[in-house]
Amino acid sequence: MRKVIAIYPGSFDPPTNGHLDLIERGSKIFDELVVAILRNPDKDPLFSLHERRHMLETLTGNFKNVRVDVFDGLTVDYAARVKASAVLRGIRALSDYEYELQMALMNRKLQPELETVFMMPAEQYSYLSSRLVREVAQLGGSIEDLVPEMVERRLKEKLDPALKLQNARKSRTGKRA
Ligand code: PNS
């Protein structure tokens, strides 16, 4: 039987619990799910592509049918390269709908065979976005429960490089800040 491969494209700067919730849901309905990080020269991301890839690979390591990749150019072209027949996207609230519909219809115009599948993350993540997580963290607010512990630690280190050194030293001696 034909395997149904889906891509889950996005910026993931940084990955949030909402993204992981969607990855888990997607992994249950597709045979293979490729989390595809867009290499976007127009954006100035907080985390490098390498950092985002490493975080996502670590966080999705327990899903056997999920892999992480990086792409540039059109999503439809990337989907064709990895033989995906669907694009997975999350819809959190009505406000997402217009932008997502526009993208889905443009992708359909470019590649009529490629279907966009929308899934809703758990309601506790319905207000969550990478942009808000970055903003709250940058302004010193708590992002506990919004991102995995690994991402929280990386964000803190990113915003306070001295902490990174401290954590590196502590991890060599088996402790963590
Ligand atoms: O996480 P994001 O930033 O909402 O993801 C947006 C993304 C990566 C899905 C979108 O920008 C995209 O598909 N970019 C690739 C370029 C492309 O194919 N553009 C035309 C699609 S409408």
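Predicted model: local features only at pLDDT ≥ 70, side-chain atom pairs only at ≥ 80, totals over all residues.

Q: OK. How far is the side chain of Thr 75 from an oxygen atom of the ligand?
A: An N or O atom in the Thr 75 side chain is 2.6 Å from a ligand oxygen. That pair falls within the 3.5 Å limit.

Q: What about Ser 11 and Arg 89, how far are their polar side-chain atoms from a ligand oxygen?
A: For Ser 11 the distance is 2.6 Å. For Arg 89 it is 3.0 Å.

Q: And how much of the ligand's accessible area does the protein cover?
A: The ligand on its own has 550 Å² of accessible area, and the protein covers 74% of that.

Q: Which residues are around it?
A: The residues around the ligand are Gly 10, Ser 11, Leu 38, Lys 43, Gly 73, Leu 74, Thr 75, Arg 89, Tyr 99, Met 103, Met 106 and Asn 107. By type, five are nonpolar, five polar and two charged.

Q: Which element gives the largest share of that shell?
A: Helix α4, residues 94-110, with four residues.

Q: Which pocket is the ligand in?
A: The ligand takes up the space of the largest pocket.

Q: Switching topic. How many helices and strands does the protein have?
A: Seven helices and five strands. Starting at the N terminus, the order is β-α-β-α-β-α-β-α-β-α-α-α.

Q: Why does the radius of gyration agree with a compact globule?
A: Because a compact globule of 177 residues would come out near 16 Å, and the protein has 17 Å. Along the principal axes, the C-alpha atoms fill a box of roughly 55 × 35 × 30 Å.

Q: Now the backbone. Where is the cis peptide bond?
A: Between Asp 13 and Pro 14, with omega about 0°. Pro 14 sits in the loop between β1 (5-10) and α1 (17-29).

Q: Which residue has a positive phi although it is not a glycine?
A: Lys 83, at about 60°. Lys 83 belongs to the loop that links α3 (75-81) and β4 (86-90).

Q: Why point these two out?
A: Because most residues other than glycine have a negative phi, and most peptide bonds are trans.

How values were computed. Residues numbered from 1 in each chain as written. Heavy atoms only, no water. Near = heavy atom within 4 Å. Polar contact = N/O pair within 3.5 Å; in protein donor to acceptor, adjacent residues only side chain to side chain. Areas by Shrake-Rupley, 256 points an atom, 1.4 Å probe, with all protein chains shown as cover. 1 Å grid on protein atoms, 1.4 Å probe; cavity = no way out; pocket = protein on both sides within 12 Å on 5 of 7 lines; lining within 4 Å. Sits in = over half its atoms within 2 Å of the grid points. Helix = DSSP H or I, 4+ residues; strand = E, 2+ residues; numbered from the N terminus. Nonpolar A, V, L, I, M, F, W, Y, C, P; charged D, E, K, R; others polar. Rg over C-alpha atoms; globule rule 2.2 N^0.38 Å.
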